[in-house]
Amino acid sequence: MLHTQFCTCRCSLTHNFFLKRFSLHVTYINKSQFIQEYSKDKVNIPDFDPERAIPEIEEEFQRRKQYHTDSWARRESIVNEYDRLHPQLWRVKPSYFAPEFLKLVEESKNTSSVDSLKSFLTNHGDRIYSIPVFTPAFCKLLVEELKHFEASPLPKGRPNTMNSYGINLGELGFDDFISTLRLEYLMPVATVLYPDWVGDSLDSHKAFVVVYKEGQDVDLGYHYDNAEVTLNVALNDNYSEGDIYFGGMRGEEETGRVKGGYSHQLGRGLFHRGRHMHGALPITHGERYNLIIWMRSSSVRNVECPMCGDVPNLTPVENGYGDGFTIVSTQVCTLS
Ligand SMILES: [Fe+2]
Ligand SMILES: [Zn+2]
């Protein structure tokens, strides 16, 4: 019998530490490597002092080291103790989706040609596409639920390494919802749009809601995602500005071409490749809730880790999807 063990890559403890104040991603192996590699003359950012950055990196290192264990513990206490405001949200219903999206999904199951999906999607160039995904009514219920959870005393983890505010939907018990969404709705679409990044299957995900608000996070630095394919859906519309912009691909020479200006619309989702570099401009008023689904393909990432660019150095996790890498082993069953 084949047994799949989900894993992380060891680089999660050394790569892509984000220093928000300097909008800088760094690699931290140890103090002397870091001080040498990011000396003031090499980094060339005013006020940057590598020695002063070390405590922040070490704190993030500890968070990451414990992340999967802590996240699973939060999930267990939330499942047991959280009093759901809209319990119906935990199960996928076709009525939650925009009619255009349901048509796109059906068409995707019958074709392998991107051209035959183009009449459903708005094409933003560079294989970036948008379409209404959820109804405004569903978005409203979900934001109400998220605010209800935020107001509860239950434990909350940061959604990812770059956003300080938001909610990990796995911890809130939405993994079954997101798995159904991924396998029955999103994977057929992604298989046509990005067959090169779906591999054998989009077999895991990380899903979270990021919150941008005046006085908290208002923008997001330039980055790539720990995903093969990303879907980003705007859940509300009471904010101003905050467009997403795109550049080149991870690991490729930057050409300086930054494409600006995708403005979010309520319920509308934006599909892009995880390796497509992007950022979010500041919102100038209000608060914004965005649902982000990072879809991952173990058959793709087992060959090359998207975060360090090498063959992943795997560490199994006890529960959950880890970072979407897998080891498949043969379990020998014995009868006695
Ligand atoms: Fe992103
Ligand atoms: Zn890696």
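A: A nonpolar core here is a set of buried Ala, Val, Leu, Ile, Met, Phe, Trp, Tyr and Cys residues joined through C-beta atoms within 7 Å; a residue is buried if 20 or more other C-beta atoms, placed from the backbone, lie within 10 Å of its own, exposed if 12 or fewer, and partly exposed in between. The buried residues of helix 6 are I178, L181, R182, Y185, L186, V189, A190, V192 and L193. At L186 the helix has a kink of about 55 degrees, shortly before the proline P188, the bend being the angle between axes fitted to the seven residues ending there and the seven starting there.

Leaving aside neighbours within four places in sequence, L235 is in contact (C-beta atoms, placed from the backbone, within 7 Å) with C139, L142, V143, V209, Y289, N290 and L291. Across the protein, buried residues make up 34% of the 336 residues, and among contacts between residues at least 6 apart in sequence, 81% join residues at least 24 apart.

Residues are numbered from 1 along each chain as its sequence is written, while chains are lettered from A and ligands numbered from 1 in the order in which they are written. Because the model is predicted, local features need pLDDT of at least 70 and side-chain atom pairs count only at pLDDT 80 or more, whereas totals for chains, interfaces and linings use all residues.

Conventions. Contact = placed C-beta atoms within 7 Å. Helix = DSSP H or I, 4+ residues; strand = E, 2+ residues; numbered from the N terminus.
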